[in-house]
Amino acid sequence: MANYIKVTELVAREMGLTAIRNKTADGNYLLWQADILRFPGEDIFTRAAYCGGVVLTPNVAKDEIDGTNHPILVTTPEWCQPKGEDAPGDTEDESTDSETNNEGELL
């Protein structure tokens, strides 16, 4: 039986699959089993875990696309976290050193 693997947007982007895979209602992506064959592991479950994903049946995957009250949570693994200049908190926001007026405009 074919299964899908739900992963974060960062993982799908790192793999170059955001343009050709379905996006879930919560902003994550559904990969195909063949997409994760490149990852280490003996089975689909360990490969999915390596990329922070979860294996879903076709029915559950459809629910994730349509939207559900309890979406399945996935994580972004460390190997896929932004590094250097792209990492959140690593760069200073230029507006933090600037003063603004009452309407939020920079002075």
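Two strands are taken to pair if DSSP finds at least two bridges between them; helices (H or I, at least four residues) and strands (E, at least two) are themselves DSSP runs, numbered from the N terminus. The model is predicted, so local features need pLDDT of at least 70 and side-chain atom pairs count only at pLDDT 80 or more, whereas totals for chains, interfaces and linings use all residues. Residues are numbered from 1 along each chain as its sequence is written, and side-chain values use heavy atoms, with hydrogens and water left out.

The chain contains three helices and three strands, arranged along the sequence as β-α-β-α-β-α. Strand β1 (residues 4-7) pairs with strand β2 (residues 29-32) in the antiparallel sense, over four bridges. β1 also pairs with strand β3 (residues 54-56), again in the antiparallel sense, over three bridges. Ile5 takes part on both sides: this residue stands opposite Leu31 in β2 and opposite Val55 in β3.

Gln33 is placed in the loop between β2 and α2 (44-50). Its relative accessible area is 30%, so Gln33 counts as partly exposed, a class lying between buried (under 20% relative accessible area) and exposed (over 50%), with a 1.4 Å probe and protein chains only. Leaving aside residues up to four places away in sequence, Gln33 touches Met1, Ala2, Asn3, Ile5 and Ile44, where contact means heavy atoms within 4.5 Å. A polar atom of the Gln33 side chain lies 2.6 Å from the backbone nitrogen of Asn3. Gln33 and Tyr4 are 29 residues apart in sequence, yet their C-alpha atoms are 6.1 Å apart in space.

Over the chain, 30% of the 107 residues count as buried. Of the contacts between residues at least 6 apart in sequence, 52% join residues at least 24 apart. The chain exposes about 7400 Å², of which carbon and sulfur atoms supply 48%; accessible areas come from the Shrake-Rupley method with a 1.4 Å probe, and for residues only the protein chains shown count as cover.

How values were computed: A polar contact is a pair of N or O atoms within 3.5 Å; within protein, one must be able to donate a hydrogen and the other to accept it, and residues adjacent in sequence count only if both atoms are side-chain atoms.
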